[in-house]
Amino acid sequence: MAVKVMIPTPLRQFTGKQSSIECGAATVGEALGSLTDTFSDLRKHLFTDDGKIRSFVNVYLNDEDIRFLDKENTRTKDGDTISIVPSIAGGSEPCPKTVSESKRFKV
Amino acid sequence: MAIPTDTLQQQEVKLSREEIQRYSRHLIMPEVGMEGQLKLKRARVLTIGTGGLGAPLGLYLAAAGVGHLGLVDFDVVDSSNLQRQVTFTTADVGKPKSEAAKARLSALNPAIDIVSYETRLTSENALELFRDYDIIVDGTDNFPTRFLVNDASVLLGKPNVYGSIFRFEGQATVFGYPGGPCYRCLYPEPPPPGLVPSCAEGGVLGVLPGIVGSIQAMETIKLILGAGEPLVGRLLLFDALAMRFRELKLKRSPDCPMCGEHRTITKLIDYEEFCGIRGEEAPAMTDGIPEITATELKRRQDRGEKLFILDVREPHEYQICNLNGKLIPLGELPRRVNELDSSVEMVVHCRSGKRSADAIHFLQTAGFKKLWNLKGGVLAWADEVDPRMPKY
């Protein structure tokens, strides 16, 4: 099955700046596995050390959250789109400037 | 679909002749009309943050005639804000943001009531601040405050109009709407500090918060009017470079610690600790990482010592200013570590010292020993050694 994995901006630095990657996979887990095999720097951003998807990373198959489907085992069809949706917090400043500043409650 | 608030229904208000003229383009629309405009006039909206998202939000809500606007911000206007925070002018640099925003919005619409709160939003003051308002709009820029805004909104049963941005990508939705999901249904936990690329990937295209903040303003006005379909249960994703909007379904999570069936959070907590920021306070900077100050580095260079300089920032940052070091961005370091010689003494630097500390951690595990972290990065170099070097 050919599926498209959409890469969000914060993670594109690990995929050679590509915004989407096509791969063959029968489940969402296989697609992400194939993705992190190709781009190994991405692995620690998506998976915990014991191979689970990190809780602050949401994975969608088309427009459905896989937590409400069959999680990593959710089966894919040809032409499906998998989206990785990480939490982003920006709004006012682009990022905390330093560690000591980052502990301020900037509103 | 109007929000269930008492204030929207009960207060007796009228429009003056001037107001009727001012809002005439609303009044002639059946979706707003006199009834809608009066709802706007009665509405009480609190915006958290008057920065990039808060700028269009404040301007459009004030212009639309939202009768009571609260503006929370403790920061002061910096010249680097002006690239996107369009409420402020060059003359506002150095002024408190909440005050400068209030002055600008009052000038735009003197008929509305604006209260500025020059304070940090904290677990101690959030509930008290939120209580007087019908709708909370989250225009903050960090995870602790986002979780705080969510939890306080859920505890008080108020909708939380959410928007966030990163470089050229934005997200928007409405949390805390009756029956709808909350922020924790989507993100139960914050990312640990350091795992989500931050400073290395920082920056934001100035127009982006203008677009996402305008979406938040639109959703706020729709909630007040009870018009259309609110952005509830849907996460809007916007990619400005591709100029593409996508929409994902958001569901209320039965396991949500805040609004689920077995909620475990019943009061506000310490959000900095929750986001792991306290734990990061004494990080790596001193913990097993030898530091060198900019002054000391200069002194040693002036003595003719050969120190290898490794710059772990991004190429576009190198173009702004540099110390003639070898450039290997932090994200590329694991792959390119073989380009480095572990036998020579090496000073690693970034903008402020955080990424270089991460780089040194990595290099230490790769067997490098003669390492120094440039304390305070190029910013410290500009302060201590070379005042002509631009800071960013």
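Me: What makes the largest nonpolar core a core, and which residues have the most contacts inside it?
Reply: A nonpolar core is a set of buried Ala, Val, Leu, Ile, Met, Phe, Trp, Tyr and Cys residues joined through C-beta atoms within 7 Å. Buried means that 20 or more other C-beta atoms lie within 10 Å of a residue's own, exposed means 12 or fewer, and partly exposed lies in between, with C-beta atoms placed from the backbone. The largest such set has 92 residues, and V45(B), V66(B) and L69(B) have the most contacts inside it. Helix α10 (residues 207–225) of chain B gives the largest share of this core, 8 residues; helices are DSSP runs of H or I with at least four residues, strands are runs of E with at least two, and both are numbered from the N terminus.
A second, separate core has 24 residues, including L330(B) and A357(B).

Me: How do you know the model's origin and numbering?
Reply: This is a predicted model, in which local features need pLDDT of at least 70 and side-chain atom pairs count only at pLDDT 80 or more, while totals for chains, interfaces and linings use all residues. Residues are numbered from 1 along each chain as its sequence is written, and chains are lettered from A and ligands numbered from 1 in the order in which they are written.

Me: How many helices and strands does chain A have?
Reply: Chain A has 3 helices and 5 strands, in the order β-β-α-α-β-β-β-α from the N terminus.
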